[in-house]
Amino acid sequence: MSATTQTAPLLSPKTTRSAPRQRLSVRRWLVAGTAYIVAIIFLLPYLEMLVMAGRPNNELGEATIFPKHFTFSNFTTLWSGGGLGGSIGTSLEIAAGATAVVLLVALPAACYTARHRFRGRTAFLLLVLATQMFQPAAMLVGLQREFTTFGLASTLSLTIIDAGFNLAFAVWILNAFFSSIPVELEEAGMVDGLGKVGALLRITLPLAAPGIVTALIFTFISAWNEFLVALTLSLGEQTSQQPLTVAINQYIGEYSVDWGHLFAAGLVATVPVIILFIFIERRVVGGLTAGAVK
Amino acid sequence: MPALRRLSPLLWLGPAVALIGVVVLWPVVVMLQSSFQRIGGEGFVVGYNGTDNYRHLFDEPDFVSVLLRTLLWVVVVVAVTMLISLGLAQLFNQRFPGRRVTRWALIIPWAASVMMTALIFKWALDPNVGVINVILHHLGIVKQLGSNQADWLGNPGSALVWMMAVAVFVSLPFTTYAILSGLQGIPGDVYEAATIDGATSWKAYLRVTLPLLRPAILVATLINVINVFNSFPIIWEMTRGGPGYQTATSTIYMIELKQGDVGESASMSAINFLLVIVIVIVYLATTGWKEQVDR
């Protein structure tokens, strides 16, 4: 966290260096070099996506690492015909809907369990922990049959299902945030004339904002990336009614794959969520592991 | 009033319980129920089927090999992920210029959809023009492009190895971050004490760091085992479990069965579900979970 302050003397050449210090800095650059290589390895597959998306169709059959020309036509033709624009809308609808549901449902639950001791509290937290252990893949047949009986539009079904399977993360991280906010702060607010609700809205919620943002972004990303349930429930739909993860598979034909469009669409699907993820990078592990240790 | 007070948790927790009920608990009931029903091609229930679905499933020639492959898949992927992550966490716990940016690169496979990552590798392993094959050809490892040797995903053995590599790749970010957060909880003076006692850095790591990392390693392993067991997009996109069912894990097998016989697929689902429960219980029991929680 304090990387910048620590490395400051290293970057200024005027600092006089004694011998052990010199060795230390060699070691540090060695560490840095290794880390840079690791970072590049993690980046490479996704850079390859960019290289492929920009490869002209007539160079698809050439066994070269880089194409001779670079084209944007795969990006510009992405929106016509195939209905990928509609799929982006569908994905946004599902991800935003699931995020809203999670927030509405998890906030009161997390707030209450953090502030009150009551019968059934442990049972509730255990239930939440259990849902974190179970993934849709293990109960797919049940999910499919249940939601087919409901007869809802696949978009709505997917919204509810994505919300349900991401609830645990939101409850844990919000519970941790609410628990860390002293009750005295709320009480002080109430003394100052804010009602109970006022204290909650004006004092507790703003303090829990980082947790709320983390829960929101995490739910959005998981719902956006969800593939198995989406594939199962939206299989018969028109492409525009399918979420992006499913719709992208239309470029995979029986005998040939339209790699250019596939990866152009893949970049559209992945780059925004990678950027979103950077915002919650530091807090997300807490939400995933908190429940299991408590 | 006391009655009202007792009801107030219901008001705050009710929506969450209802959502969990509809999305997680009820599907389990429907799934178990379906596993004892005869279900027609259109999804209509024809009637009660007793244990026939299970008997059919156990009689499938691929059933045992699919289960064994699932075991291999989970053990290898999780073990390799944990080992590499321990190293990576150690690396990214050091101070060096640009650490934040390199950590951003590390999270990419976590943030990106696993399906897309799987498709990138599927393309990169294309026998004729895939970039991994082109590079291996330049290095002289792949003698000829388009040959049998270059068809990594067509051969069940090499396909499984490559898919395991992809599964490790997408599991590394979370695991590394989990261990990193464990490392950051270890106070620095612990190491000073160890150094004064004459421990070398490797010894200090084995004797001091690893034991203190135990809780982080436990949780990361448990979450990884469950994720990897349920993993679907990688195998689905890269081989569809083929040729035949030779690269299918039990999750893939369940989905393949669903296209033929929903009842039998529900049986496979039920077994997967029980396996997850068994994994969690065995894990909690063998790792002394109780002491970890009670501490």
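In this predicted model, helix 4 of chain A has a kink of about 30 degrees at Ala106(A), shortly before the proline Pro108(A). Helix 4 covers residues 84-115 of chain A and counts 32 residues. From its first C-alpha to its last it reaches 46 Å, close to the 46 Å expected at 1.5 Å a residue.

Now for how the two chains meet. On the chain A side, 73 residues are in contact with 76 residues of chain B. Helix 2 of chain A (residues 19-53) supplies the largest share of the chain A side, with 15 residues. Sorted by class, the side of chain A that touches chain B has 51 nonpolar, 16 polar and 6 charged residues.

Next come some helix pairs within the chains. Two packed helices are described by the angle between their axes and the distance between the axes.

| Helix pair | Axis distance | Angle |
|---|---|---|
| Helix 3 and helix 9, chain B | within 9 Å | roughly 140 degrees |
| Helix 3 and helix 7, chain B | within 7 Å | roughly 45 degrees |
| Helix 7 and helix 10, chain A | 9 Å | about 160 degrees |

Let's take chain B and its helix 3 (residues 63-92), which packs with helix 9 (residues 201-229). Helix 3 of chain B passes helix 9 of chain B in a right-handed crossing. On the helix 3 side, the residues are Trp73(B), Val74(B), Val77(B), Val78(B), Thr81(B) and Met82(B), and among their partners in helix 9 are Ile217(B), Thr221(B) and Phe229(B). That contact has 9 nonpolar, 3 polar and no charged residues.

Helix 3 of chain B also packs with helix 7 of chain B (residues 156-184). These two helices of chain B are oblique to each other as well, and helix 3 of chain B passes helix 7 of chain B in a right-handed crossing. From helix 3 of chain B the contact draws on residues including Trp73(B), Val80(B), Leu88(B) and Phe92(B), while helix 7 of chain B brings, among others, Met164(B), Leu172(B), Thr176(B) and Leu183(B). The classes come out as 17 nonpolar, 5 polar and no charged residues.

Over in chain A, helix 7 (residues 154-180) packs with helix 10 (residues 209-225). Angles over 145 degrees count as roughly antiparallel, so helix 7 and helix 10 of chain A are roughly antiparallel to each other. Helix 7 of chain A passes helix 10 of chain A in a right-handed crossing. Helix 7 of chain A contributes residues including Asp162(A), Asn166(A), Phe169(A) and Phe177(A), and helix 10 of chain A contributes, among others, Gly211(A), Ile212(A), Phe218(A) and Ala223(A). By class, this contact has 10 nonpolar, 5 polar and 1 charged residues.

Methods
Residues are numbered from 1 along each chain as its sequence is written. Chains are lettered from A and ligands numbered from 1 in the order in which they are written. This is a predicted model: local features need pLDDT of at least 70, side-chain atom pairs count only at pLDDT 80 or more; totals for chains, interfaces and linings use all residues. Axes are lines fitted to C-alpha atoms, for helices over the stretch in contact, and angles run from 0 to 180 degrees between N-to-C directions. Helices (H or I, at least four residues) and strands (E, at least two) are DSSP runs, numbered from the N terminus. A crossing is left-handed if the near helix is turned anticlockwise from the far one by less than a right angle, and right-handed if clockwise. Two residues are in contact if their C-beta atoms, placed from the backbone, lie within 7 Å. Ala, Val, Leu, Ile, Met, Phe, Trp, Tyr, Cys and Pro count as nonpolar, Asp, Glu, Lys and Arg as charged, and the others, Gly among them, as polar. The expected span of a helix is 1.5 Å times one less than its number of residues. The bend at a residue is the angle between axes fitted to the seven residues ending there and the seven starting there. Angles under 35 degrees count as roughly parallel, over 145 as roughly antiparallel, 65 to 115 as roughly perpendicular and the rest as oblique.
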